[in-house]
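Please work through the following questions with the structure open beside the text. The answers go from the conventions to single residues and then to the fold.

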Amino acid sequence: MAREVTLFTGQWADLPLEELAAKAAAWGFDGLELACWGDHFEVDKALADDGYVAAKRELLDRHGLKCYVISNHLVGQCVCDFPIDARHQGILPPEIWGDGDAEGVRQRAAERMKDTARAAAKFGVATVAGFTGSKIWYALAGFPPAVEGMIDDGYQDFADRWNPILDVFDQEGVKFGLEVHPSEIAYDYWTTRRTLEAVDNRPAFGINFDPSHLVWQAVDPEQFVLDFADRIYHAHVKESQRNHNGRNGALASHLEFGNMRRGWDFVSPGRGEVPFERVFRALNAIGYQGPLSIEWEDSGMDREQGAPEALAFVRRTDLSASDIAFDAAFTQGE
C-alpha cells in the first residue's frame, strides 16, 4: 500500500487550523504536519493546558485527519544562528525574541525546542521536524577566508547547543529531523555527514528529507536517501526548478521568490526537476513507511489549485513496495 500523504501547514499559517483542516480533508489528504506557528500547534499552550491538546486531536479527528509530525522550524533556526537580527524578530514569538539580545534569543529558543519535544510527546507524536540554524553559514562564500578553527568551532557550537536539547528528546521518546537546507548547519551531503558526526550519530537526531533543497545545489536526492537510510525520519514532497539561462545564477541574486530572474525557484510538485519516482523507489528501498508530507511552495501558482494538484501527483507517482521479486514465479513448481 502506498504511503499516506499529509500537508505541511507552515505555508498556510495565515488560516485558522479549523479552516485549513476542512480544506485538506475535502481535497483528500490523509493528515496534516502541524507547524508550531499561527494557531496550528502552540507549544506553550500544549504544555500549559491539557484541554488544548485534546481539542487539537478532536479537530483533526472530526475531519478524518492524522498527525504524525509537528514542525518547529522558526524557533529552531534561532538556536545556533549568527548573527541574530531583525529577520529573526519577524519569525519568532515575542516571548522568544524578548529584548533581542542575541545570546538570550538563542537560549530561549533552545528552551522552547526542549518544550517542543515535551509537547510532541504529550500530543502523541514521535517526530519533530525543523531547523537548527548555523553559526557559520554566513561564511559560506569563503572570503574573507575562514580563520583556523572557525568551521570546527561552528560544528562544536551546534553540538554544544543541541545535545542538551536532544537529551530532552531522548527523555520524551521523540526524535528530531533536521530539514537539510541552505542556512542550516547541514545543507548538502558532506555537511550532513559532518553534522551527524558532531553529535556522535546519536539516534535522537536525524533528517527531515526534502529533495527540493538538494536539486538546485546539484546534489542527487535519490543517492542522499540511500546513503542516509537510517536517518530519514520524515519526508517532504517539495519541488524546485532551475532556470539557468546565462544570466541567472545558482545563488538567486537576492531576488525574491517568484521573480523570473532567479536562477532557481520552488514550484508545485511535479512541475520541476526532482525525480520523484526515483526518490519514492529509494524510500521504498530503505523501508521508509512514514507519510509523504507535501510542503507546497510556488509563488507563481494559486495554492488552492496547487495543493490538490500536488496531492494527485503524489498519489499517481508513489508506488507500493513489492514483497516479491518479479521473477520469483519463474521458479515455482520446480
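Buried means under 20% relative accessible area, exposed over 50%, and partly exposed in between, with a 1.4 Å probe and protein chains only. The model is a predicted one, in which local features need pLDDT of at least 70 and side-chain atom pairs count only at pLDDT 80 or more, while totals for chains, interfaces and linings use all residues. Residues are numbered from 1 along each chain as its sequence is written, and side-chain values use heavy atoms, with hydrogens and water left out.

Q: Is His213 buried or exposed?
A: His213 is placed in helix α10, residues 212-215, where helices (H or I, at least four residues) and strands (E, at least two) are DSSP runs numbered from the N terminus. Its relative accessibility is 1%, so His213 counts as buried.

Q: Which side chains are joined to His213 by a polar contact of 3.4 Å and by one of 3.1 Å?
A: A polar contact is a pair of N or O atoms within 3.5 Å; within protein, one must be able to donate a hydrogen and the other to accept it, and residues adjacent in sequence count only if both atoms are side-chain atoms. Not counting residues up to four places away in sequence, His213 touches (heavy atoms within 4.5 Å) Glu179, Val180, His181, Pro182, Lys238 and Phe266. The side-chain polar contact of 3.4 Å is with Asp210, and the one of 3.1 Å is with Lys238.

Q: How many aromatic pairs does a search of the whole structure find, and what kind is the pair of Tyr189 and Trp190?
A: Rings of Phe, Tyr and Trp (its six-membered ring) pair if their centres lie within 6.5 Å; planes under 30 degrees apart count as stacked, over 60 as edge-to-face and the rest as tilted. The search of the whole structure finds 21 aromatic pairs. Because the ring centres of Tyr189 and Trp190 are 4.7 Å apart and their planes stand at 80°, this pair is edge-to-face.

Q: How many residues apart in sequence are the parts that the pair of Tyr189 and Phe228 ties together?
A: Tyr189 and Phe228 form a tilted pair, with 5.3 Å from centre to centre and 50° between the planes, and both residues are buried. Since Tyr189 belongs to helix α9 (residues 189-198) and Phe228 to the loop between α11 (221-227) and β7 (232-237), the pair ties together parts that are 39 residues apart in sequence.

Q: Where does Asp200 lie, and is it buried or exposed?
A: Asp200 has a positive phi of about 55° although it is not a glycine. Asp200 lies in the loop between α9 and β6 (205-209), and with a relative accessible area of 67% it is exposed.

Q: Which peptide bond has Pro144 as its second residue, and is it cis or trans?
A: Pro144 is found in the loop between β4 and α8 (150-172). With omega near -5°, the bond from Phe143 to Pro144 is cis.

Q: In what order do the eight strands close into a barrel?
A: Two strands pair if DSSP finds at least two bridges between them. One example is β3 (residues 69-71), which three bridges join to β4 (residues 127-130), the two running parallel; here Ser71 has Ala129 as its bridge partner in β4. The pairing in the barrel is parallel, and the order is β1-β2-β3-β4-β5-β6-β7-β10.
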